[in-house]
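Hi there,

Here is the structure I promised to pass on. Please have a look, and then read on for what turned up in it.

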Amino acid sequence: MTVVAHPSLLRELVERCETLRRHAASADSPEVARRLEDATYTLCVVTGTRQLDAALSVARRQLADAMTRQPPFRH
């Protein structure tokens with residue numbers, strides 16, 4: 001049995017990691033580096049991976065799968 005995080009959590013973690021990675025690349029900030037490390041760790045745990053690129057790939061695939069399984073909410 002595979003555990004899949006809720007799409008909203010995955011989406012938030014993917015966005016956070018991507019944003020922090022961009023900030024880390026443009027600024028030498030220990031605070032940004034620590035926040036990126038924390039976000040990377042969390043995303044890796046929820047995706048069952050060990051590296052950020054793999055975690056992002058798995059999370060994106062899970063998000064795409066979630067979109068095909070559940071149609072968007074309509075009023």
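Let me start with Arg34, which is partly exposed, with a relative accessible area of 41%. (Buried means under 20% relative accessible area, exposed over 50%, and partly exposed in between, with a 1.4 Å probe and protein chains only.) Its partner Glu31 forms a salt bridge with Arg34, with the closest N and O atoms 3.0 Å apart. By salt bridge I mean a side-chain nitrogen of Lys or Arg within 4 Å of a carboxyl oxygen of Asp or Glu. Glu31 is partly exposed as well, at 41% relative accessible area. Both residues sit in helix H2 (residues 30-47), 3 residues apart, which is about one turn of the helix. Asp38 joins in too: Glu31, Arg34 and Asp38 are linked in a network of salt bridges.

A word on how to read this. The model is predicted, so local features need pLDDT of at least 70 and side-chain atom pairs count only at pLDDT 80 or more, while totals for chains, interfaces and linings use all residues. Residues are numbered from 1 along each chain as its sequence is written, and side-chain values use heavy atoms, leaving out hydrogens and water.

Now the overall picture. The protein chain has 3 helices and 0 strands, running α-α-α from the N terminus on. Helices (H or I, at least four residues) and strands (E, at least two) are DSSP runs, numbered from the N terminus. Of the 75 residues in the protein chain, 31% are buried. Among contacts between residues at least 6 apart in sequence, 50% join residues at least 24 apart; a contact means heavy atoms within 4.5 Å.

How many salt bridges does a search of the whole structure find? The search finds 5. One of them joins the side chains of Glu18 and Arg60, at 2.1 Å from N to O. This pair links distant parts of the chain, with Glu18 in helix H1 (residues 7-26) and Arg60 in helix H3 (residues 52-69), 42 residues apart. Glu18 is partly exposed at 24% relative accessibility, and Arg60 is partly exposed at 40%.

Another salt bridge brings together the side chains of Arg21 and Asp53, at 2.8 Å from N to O. Arg21 lies in helix H1 and Asp53 in helix H3, so the pair ties together parts that are 32 residues apart in sequence. Arg21 counts as partly exposed at 34% relative accessibility, whereas Asp53 is exposed, with a relative accessible area of 53%.

Best wishes
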